[in-house]
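Student: Please pick one part of this model and take me through it closely. I would like the contacts and the packing in one connected account.

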Amino acid sequence: MDKETLEATVRALREEGNDTMRVEAKRAAGGLPTDLATTMSAFANTPGGGTIILGLDESADFAPTAVYDVAKAQAALASRARSALDPPVTLVTQVHELDGQRVVVAEVVEAPGPLKPVRLVSNGKAYLRGYDGDFVMSELEAQSFIANRGRPEFDREVVHEASPDDLDSELVRNYLETCRSSSSALGRFEDSEILLRTGGVHT
C-alpha cells in the first residue's frame, strides 16, 4: 500500500466512523495489541485478505498516534504471523508518515485455498471477517473450506469486464437462500457481502 492509498484509506475510515471488512486500525502506542492474531486469521480466510494499520486512534477520528517502536512492531507482527497461526500467514509490511507520525501498515495475504482455514495455534479456532470485526468460524464453514481443498477452481477465475448485473438473478437468489439456510453466520450479511465472502464476486 503506497502513501496515497493509505491516505485514501484513512479518509474512508473517517467517513465510515469505524473499522471495515478490509481494514483494522489499532493505536499500538504501548505495545502490540494482543488480539491481532484473530484478525490475521480472519483476513487470511477472507477473499482478498485485508490490512492492519498500527498507529491510528479510532476514538480520535483515526488520528495518527505514535507507534511504540516501529521496528519492533514490524518484527512482532512477523513473529505472530509465523508462530500464532496454523498455517502461518504472509504479511507485507510498510512504514509511512502521516501528520508527522509513523504508522505501520501490514497487508495480510489471503491464504491459498488448500491451506484454509487458518486457525489460531492457541485455541484451534478459525476466524472470518465481519463488517467491522472478527468472529469465530462455525464448524460447518470450516468443513466447507476443507471439502473444497484440491478441487478444480476454474469456475472461480475472474471474468474481466463482467459485473454482478451479468449474473442470472434467479440462480443468485437461490444461491443466497442456500447460503443463509446452511450458515447462521452468513445469514447476518447483506447479499453483496455473501457473494464476496463466498467467492461469487471479487472486488
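**From a lysine side chain to a helix pair**

Tutor: The side chains of Lys26 and Asp35 make a polar contact at 3.1 Å. A polar contact is a pair of N or O atoms within 3.5 Å; within protein, one must be able to donate a hydrogen and the other to accept it, and residues adjacent in sequence count only if both atoms are side-chain atoms. The model is predicted: local features need pLDDT of at least 70, side-chain atom pairs count only at pLDDT 80 or more, and totals for chains, interfaces and linings use all residues. Residues are numbered from 1 along each chain as its sequence is written, and side-chain values use heavy atoms, leaving out hydrogens and water.

Lys26 lies in strand β1, residues 23–26. Strands (E, at least two residues) and helices (H or I, at least four) are DSSP runs, numbered from the N terminus. Lys26 is buried, at 17% relative accessible area. Buried means under 20%, exposed over 50%, and partly exposed in between, with a 1.4 Å probe and protein chains only. Not counting residues up to four places away in sequence, Lys26 touches Pro33, Asp35, Leu36, Ile53, Leu54, Gly55 and Leu56. Contact here means heavy atoms within 4.5 Å.

Helix α2 spans residues 36–44 and α3 residues 70–83. Their axes come within 10 Å and cross at roughly 65°. Axes are lines fitted to C-alpha atoms, for helices over the stretch in contact; angles run from 0 to 180 degrees between N-to-C directions. The crossing is right-handed: the near helix is turned clockwise from the far one by less than a right angle. By class, the contact holds five nonpolar residues, no polar ones and one charged. Nonpolar covers Ala, Val, Leu, Ile, Met, Phe, Trp, Tyr, Cys and Pro; charged covers Asp, Glu, Lys and Arg; the others, Gly among them, are polar.

Ala44 is also in α2. Ala44 is buried, with 0% relative accessible area. Beyond four places in sequence, Ala44 touches Val89, Val108, Val109, Glu110, Ala111, Lys116 and Val118. Val109 is 65 residues from Ala44 along the chain, yet their C-alpha atoms are separated by 5.9 Å.
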